[in-house]
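Subject: Structure handover

Hello,

The sequence and structure are below for your files. My notes on what was found follow directly after.

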Amino acid sequence: PSLYVTRRLPGAVEARLTSLFDASFNPDDAPRTRIELENAMREHDAILPTITDRLDADLLALPGRRARLIANFGAGVDHIDLAAAQANGVVVTNTPDALTDATADIAILLMLMAARRAGEGERELRAGRWAGWRPTHMMGQAMGGKTLGLVGYGRIARATGLRAAAFGMRVIHHSRRPSGEPGYVDTLETLAEEADILSLHVPGGAGTRHLVDAALITRMKPSAILINTARGPVVDEAALASALRGGRIAAAGLDVYEREPAVHPDLLACENAVLLPHLGSATIETRTAMGMQAADNLEAFFTGRELPNRVA
Ligand code: 8YV
């Protein structure tokens with residue numbers, strides 16, 4: 001079968017895909033244009049896209065479409081119109097397990113950086129503004145003894161909670177469907193009120209857009225920290241920047257943004273925002289494992305086996 005891969009992938013993954021399929025790789029590793037995606041849908045049996053490819057209803061209903069499988073490289077599939085995929089008989093798979101630990105690690109990294117003011121400190125030092133040690137210099141907050149509120153309770157949330165417990169944190173969570181597990185809090189509002197650190201682990205898409213808005217931020221403690229490793233649009237960036245500037249919450253640690261790669265200019269101006277360029281799954285081990293998981297799904301599809309990670 002013929003496969004189109006929209007971005008360059010780790011070498012071991014490209015080698016496996018080449019051994020299994022008549023695979024074409026995007027040569028310049030730039031995001032694909034709409035025309036390029038249309039051509040790929042018409043010319044190949046399967047597509048392996050990433051978060052930078054928007055596969056909307058028109059693309060999925062494209063006349064003359066040949067592609068029958070979209071094997072997404074990544075867990076989040078909010079860039080793919082799943083209802084349109086379903087309606088047009090296009091199968092969609094994702095790579096949920098491969099990136100759990102790497103993303104939980106980034107959530108903890110952001111918590112530590114925000115709580116201990118690491119970005120701010122490094123900027124001060126590199127700018128030659130560090131006046132030397134003093135007892136009250138750049139005091140942050142401890143994580144131990146604090147409460148972590150997990151919004152969503154899937155794989156990454158749980159892995160983040162386990163790590164936070166090792167830092168001596170109390171871990172509570174809220175999810176759409178009650179988990180029935182210890183630490184479950186009935187409403188998002190109560191979770192926001194109780195948490196010292198609020199960490200987001202919900203999928204993107206219309207159902208979670210601006211879940212964290214000005215009203216929810218108002219419920220948070222003035223000392224609270226917001227962490228987002230999920231999807232940018234879950235947070236109203238303008239409302240968050242205004243809260244950070246006004247001292248209504250203490251800090252934020254973000255890995256994802258509403259309009260990537262653009263970042264709200266007001267956030268860029270906030271000293272108390274730690275801002276990473278969507279590094280959640282960016283380790284060689286994880287990106288390789290994601291590619292291998294996508295390859296497993298492709299292989300299962302074309303050999304008529306059950307798909308390990310079907311989402312539509
Ligand atoms: C990926 C992610 O790097 O898997 C996800 O949902 O957000 C990232 O970790 C990205 O999706 C790759 O397509």
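H278 is partly exposed, because 16 other C-beta atoms lie within 10 Å of its own; the term applies between the limits for buried (20 or more other C-beta atoms within 10 Å) and exposed (12 or fewer), with C-beta atoms placed from the backbone. H278 sits in the loop between β11 (273-275) and α12, where helices (H or I, at least four residues) and strands (E, at least two) are DSSP runs numbered from the N terminus. Its phi is positive, near 45°, although H278 is not a glycine.

Two notes on the source. This is a predicted model, in which local features need pLDDT of at least 70 and side-chain atom pairs count only at pLDDT 80 or more, while totals for chains, interfaces and linings use all residues. Residues are numbered from 1 along each chain as its sequence is written.

Other backbone points

Most residues other than glycine have a negative phi, and most peptide bonds are trans. H210 also has a positive phi, of about 55°, without being a glycine. H210 belongs to the loop between β8 (197-200) and α9 (214-219) and counts as partly exposed, with 16 C-beta neighbours inside 10 Å. The peptide bond between E260 and P261 is cis, with omega about 5°; P261 is in the loop between β10 (251-254) and α11 (265-268).

Helix α12

Does the length of α12 agree or disagree with its residue count? The expected span is 1.5 Å times one less than the number of residues. For the 19 residues of α12 (residues 284-302) that gives 27 Å, and the end C-alpha atoms are 27 Å apart, so the two agree. Buried residues of α12 include R287, M290, A294, L298 and F301. Among the elements covering the buried residues are β1 (2-5), α1 (11-20) and α5 (100-115). Just after α12, G304 has a positive phi of about 75°.

The chain is divided into domain 1 (2-98 + 283-302) and domain 2 (100-275), with bounds from an automatic or database domain assignment. Their centres, taken over C-alpha atoms, are 31 Å apart. Six residues of domain 1 are in contact with seven of domain 2, contact being C-beta atoms, placed from the backbone, within 7 Å. The domain 1 side of this contact has one nonpolar, three polar and two charged residues. Here Ala, Val, Leu, Ile, Met, Phe, Trp, Tyr, Cys and Pro count as nonpolar, Asp, Glu, Lys and Arg as charged, and the others, Gly among them, as polar.

Leaving out residues up to four places away in sequence, I225 touches M111, A114, A115, I197, A250, A251, A252 and G253.

Ligand

Which residues are around the ligand? They are T50, I51, F73, G74, A75, G76, L99, G280 and S281, using a C-beta atom, placed from the backbone, within 6 Å of the molecule as the criterion. By class, this shell has four nonpolar, five polar and no charged residues.

Regards

Notes. Two residues are in contact if their C-beta atoms, placed from the backbone, lie within 7 Å.
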